[in-house]
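Dear colleague,

Here is the structure I said I would pass on. My notes on the fold and the packing follow below it.

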Amino acid sequence: MARLLIQTAGLGKSAVELRMGINRIGRDRECEIHLPHASVSWFHAELALTSDGVHLTDCHSTNGTFLDGQPCAAAWLVPGQQLRFGSIETLVESTDAVIAIPQFERGEPAPAAPVILENGQTACRRHTETASTFCCPQCKELMCNRCVRVIRLKGRSPHYLCCLCSHPVERIEALVPKTKKSFFATLQETVLLKFKHPRNAGKK
């Protein structure tokens, strides 16, 4: 699992394991990586753990984020790099993501097939009466607005994460079924077009 070693003493912890998805770093207690130090901003930076590795993004911090001693706004991390948030020194120990693949024993029932609603949309697996609005490209989970995890950062757009693996999700475009016009509606449009024809414009 991806790990960050905290080298500055006095914070009460020496290592942090990153979870899949967005890991916020800051002085705010709601951050996944809580660093209670005056040099660290409330929402200082983000470490996004994906199947491709760990991506660092500085969240416009006051005292900056430094990678191997150089100011850094965004970068993909590699093991062995020195990462500093304000005055807090850390070491990137690992950037590997452990993805758990469910094992199905013989005789165990297979997952239920997705429910298709009357309008042709696929239902949420937990709320079968509601259409799925998000899909996780990592674990292929389908979920509705009630199931998706939303992380909001002050002054920034919200992040939508999978409720199972915390990977960033993709929005499903709603398919609006086309309604079939009745015979009388078609006849009415035909009559209106006839009277609106340029050749009939001068006739009364």
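I start with one residue in this predicted model. Leaving aside residues up to four places away in sequence, Leu77 touches Leu47, Val54, Leu56, Leu67, Leu83, Val92 and Thr95.

Leu77 also belongs to the largest nonpolar core, which has 24 residues. Leu77 is listed there among the residues with the most contacts inside the core, together with Leu35, Leu47, Leu56, Leu83 and Phe85. At least two residues of this core come from each of strand 1 (3-6), strand 5 (45-50), strand 6 (53-58), strand 10 (82-85) and strand 11 (88-94). Strand 5 gives the largest share, three residues. There is also a second, separate core of 10 residues, including Cys124, Cys147, Val148 and Cys165.

On secondary structure, the protein chain has 16 strands and one helix. Six strands form an open sheet with antiparallel pairing, in the order 2-1-11-10-7-8. Strand 2 (15-17) and strand 8 (70-71) each have a single partner strand, so one side of each is left without a neighbour in the sheet. At the strand 8 end, two bridges join that strand to strand 7 (residues 65-67), and the two run antiparallel. Phe66 has Pro71 of strand 8 as its bridge partner.

Some totals for the chain: 36% of its 204 residues count as buried. The accessible surface is about 13,300 Å², with 55% of that belonging to carbon and sulfur atoms. Of the contacts between residues at least 6 apart in sequence, 37% join residues at least 24 apart.

Regards

Notes. Residues numbered from 1 in each chain as written. Predicted model: local features only at pLDDT ≥ 70, side-chain atom pairs only at ≥ 80, totals over all residues. Heavy atoms only, no water. Pairing = 2+ DSSP bridges. Helix = DSSP H or I, 4+ residues; strand = E, 2+ residues; numbered from the N terminus. Buried < 20%, exposed > 50% of the residue type's maximum accessible area, 1.4 Å probe, protein only. Contact = heavy atoms within 4.5 Å. Areas by Shrake-Rupley, 256 points an atom, 1.4 Å probe, with all protein chains shown as cover. Core = buried A, V, L, I, M, F, W, Y, C linked by side-chain atoms within 4.5 Å.
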